[in-house]
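Visitor: I'm new to this one. Could you pick a single part and take me through it slowly?

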Amino acid sequence: MFTAICPHCGLYQTEKQVRFAGGQGIARCMACGGEYAYRALPLFIVLGASGTGKTTLALRLQREQDRIIVLDGDLLWRQEFLGEGNAAFFSVWMNMALNISQCGKPVLLTMGGMPDDFLNNPQARFFPAIHVLGLCAQEEDLAARLRARPSWRNSASEEFLESMLRYNAAVRQLDPALDTSGRDERACAQEIMDFVQQRV
Ligand SMILES: [Zn+2]
C-alpha cells in the first residue's frame, strides 16, 4: 500500500519528491531523505455532466473488460466535500486510485470536474501521466435525459439543469471529447477503451 507515511522515519507528509524510472515511482521523504518505490501507472479520467452516460459506460466497462479498473466517482461523494473546489474529494479519489493501481492495473475514474481539478491536485505528482477524456452530449438530449430522471435524484430543477448545460459546453471544448448523443453504448465504450489502449 502507498501512504503519505514515510516507512523510514514514520512522518506523515503528502509533499514528497517523486521521480519515475522503469515503470516505478520513487518517492523521497522531504524530512529524512529516505526513498521508497511503488508501481507507477497512468491515471485515466472520464469526466462530464450528469446525463452524458458516465455511469452507464462505467458499468459496461466493468462488465466487459479487465485491463483497467473502472470506478464511478459518485461512490465516495459526501456533502462534506463541498467547498474549496471540492479539492479534498479529488485528493481522496486520486489516493484511492494510486493504491488500487498497486495491483498492476491502471484505474479509470468516471467523475465530474475539469482536467485541472486532477492535474493541479497535490496527488498528481505520484502519477507518471493523467489522461482525461471528456464526455458530452447534445444540449436538448442532455436536458431530456436529466428531466426524465426520477425526482429523488433532484436532477430536473432548472438551476441544476442550467449548471449541467454550462458544464457540458465546457467539456465539449476538451481534446479529446466524446459526444454520446445518438451513439450506441457499445461504440462509446469501445472508444473509451481505444483511448486507454493508445496510452497504456
Ligand atoms: Zn522519512
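Guide: Happy to. Let's start at C6, which is buried, with a relative accessible area of 2%. Buried means under 20% relative accessible area, exposed means over 50%, and partly exposed is in between, using a 1.4 Å probe and protein chains only. C32, on the other hand, comes out as partly exposed, at 39% relative accessibility.

Before going on, a word on what you're looking at: this is a predicted model, in which local features need pLDDT of at least 70 and side-chain atom pairs count only at pLDDT 80 or more, while totals for chains, interfaces and linings use all residues. Residues are numbered from 1 along each chain as its sequence is written, and side-chain values use heavy atoms, with hydrogens and water left out.

So what do C6 and C32 hold on to? Together with C9 and C29, they coordinate the zinc ion through their SG atoms, at 2.3 to 2.4 Å. Donors here are N, O and S atoms within 2.8 Å of the metal (3.2 Å for Na, K and Ca); water is not among the atoms, so sites may look incomplete. Along the sequence, the donor residues follow the spacing C-x2-C-x19-C-x2-C.

Now the geometry. The four donor atoms make angles of 108 to 113 degrees, and the zinc site is tetrahedral, a label for four donors with all angles between 85 and 135 degrees. The ideal angle for four tetrahedral donors is 109.5 degrees.

Definitions and conventions: Four donors count as tetrahedral if all angles lie between 85 and 135 degrees; four count as square planar and six as octahedral if opposite donors are over 155 degrees apart and all others between 65 and 115; anything else is irregular.
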